[in-house]
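Subject: Structure handover, with notes on pocket, ligand and cavity

Hi,

My notes on it follow below.

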Amino acid sequence: MNQDQKLDLDPFVLAAEAAAVIRERSGIERHDIALVLGSGWGGAAELIGEVVSEIPAGEIPGFHAPAVAGHGATIRSIKLPNEKVALVLGSRTHFYEGKGVRAVAHGMRTAAACGVKTVVLTNGCGGLNPLWAPGQPVLISDHINLTAASPLEGATFVDLTDLYSARLRDLARSVDPTLPEGVYAQFRGPHYETPAEVKMAKILGADLVGMSTTLEAIAAREAGMEILGISLMTNLAAGISATALSHEEVLEAGQNAAPRISKLLAEIVIKL
Ligand code: 8IG
């Protein structure tokens, strides 16, 4: 730990403070599930249940307003039809924002401090399998963390076998048996990959490339939560398709897929 970090508030104390604010303002003593809505997944919240509370992220300790257009910035408590309560994080802090790994992990640590036992991490990403078309949801089976960073500090030797719960993947496939699964590689970003980097990722065993999720998953595992990861492949990765990548293209693919994947996510969440 460096000198700057020693001067900062302990990340778990900050998460406990955030959870206390969420408890007080939402009136919900205990949340059961956390949902992080990535690119393309924003519409799901409307479908999963009754919104009990909605708090602007910037009003909760440790959270920041979002950096990317198209990412929602509230933290909602949503009561599911089965009486469980979901904590819906409408945005995330990305590693590429440069706020550090503590900021990236804060949502997970706050969720755990709210009582959450199961977390669903969603994202938008590029795909390496030429047979998948933009708009394809994919279950994350494992990851390759290419950020050269960890959300953990000190001698925290956390086991990452079955990081993305096989049980929860089975459960997701009970909703849609056609869901494929793949290995997600997180690059630092914010630029997309070069075709050579995409080729490298493929050789390393990746099926998906993105800029989020792996550091959050590690923090979630450290906090003892069970993890389901679902990607929305919004574009073929650089060099896989003939055309160049644009953020607009990514947003448009997300918008087109939104009704379908929102319904899918709502049907999965009710089974968690
Ligand atoms: I959406 O092709 C989305 N996010 N690294 N590469 C990376 N992140 C992404 C991509 C992509 N598409």
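How much space lies in the largest cavity? About 140 Å³. Please keep in mind that this is a predicted model.

**The cavity**

The count comes to 1 cavity of 30 Å³ or more. The largest cavity has a lining of 13 residues. F63, S91, R92, T93 and G107 lie nearest its centre. Helix α4, residues 101-113, gives the most to this lining, with 4 residues. By type, the lining of the largest cavity divides into 7 nonpolar, 4 polar and 2 charged residues.

Next, the open space. The volume of the largest pocket is about 390 Å³. Its lining has 25 residues, and the closest to the pocket centre are S39, Y96, G124, Y192 and M211. Four elements each supply at least two residues of that lining: β5 (118-127), β8 (208-210), β9 (226-236) and α8 (247-269). Strand β5 has the largest share, 4 residues. The lining of the largest pocket holds 11 nonpolar, 12 polar and 2 charged residues.

**The ligand**

Where does the ligand sit? The space it takes is the largest pocket. Around the ligand are G124, C125, G126, Y192, E193, V209, G210, M211, T234, N235, L245 and V250. Strands β5, β8 and β9 each supply at least two residues of this shell. The largest share of the shell, 3 residues, comes from β5. That strand also gives the largest share of the pocket lining. The shell around the ligand divides into 6 nonpolar, 5 polar and 1 charged.

- E193: an N or O atom in the side chain is 2.4 Å from a nitrogen atom of the ligand.
- N235: a polar side-chain atom lies 2.8 Å from a nitrogen atom of the ligand.
- G126: a backbone N or O atom lies 3.4 Å from a nitrogen atom of the ligand.

How much of the ligand's accessible area does the protein cover? The ligand has 330 Å² of accessible area on its own, and the protein covers 95% of that.

**Backbone**

Two places in the backbone deserve a line each. Most residues other than glycine have a negative phi, and most peptide bonds are trans.

Which peptide bond is cis, with omega near 0°? The one from G189 to P190. P190 lies in the loop between β7 (181-186) and α6 (195-204).

The other place is E83. Phi of E83 is near 80°, a positive value in a residue other than glycine. E83 is in the loop between β3 (74-79) and β4 (85-89).

**In brief**

The ligand takes the space of the largest pocket. The largest cavity holds about 140 Å³ of space, and α4 gives the most to its lining. In the backbone, the bond from G189 to P190 is cis, and E83 has a positive phi.

Best regards

Definitions and conventions. Residues are numbered from 1 along each chain as its sequence is written. This is a predicted model: local features need pLDDT of at least 70, side-chain atom pairs count only at pLDDT 80 or more; totals for chains, interfaces and linings use all residues. Side-chain values use heavy atoms; hydrogens and water are left out. On a 1 Å grid over the protein atoms alone, a cavity is a set of points where a 1.4 Å probe fits but cannot get out, and a pocket is an open set with protein on both sides within 12 Å along at least five of seven lines; lining residues have an atom within 4 Å of a point. Grid points are joined across faces, edges and corners, and a volume is the space filled by probe spheres set on the points. Ala, Val, Leu, Ile, Met, Phe, Trp, Tyr, Cys and Pro count as nonpolar, Asp, Glu, Lys and Arg as charged, and the others, Gly among them, as polar. A residue is near a molecule or strand if one of its heavy atoms lies within 4 Å of it. A polar contact is a pair of N or O atoms within 3.5 Å; within protein, one must be able to donate a hydrogen and the other to accept it, and residues adjacent in sequence count only if both atoms are side-chain atoms. Accessible areas come from the Shrake-Rupley method with a 1.4 Å probe; for residues, only the protein chains shown count as cover. A molecule sits in a cavity or pocket if more than half of its atoms lie within 2 Å of its grid points.
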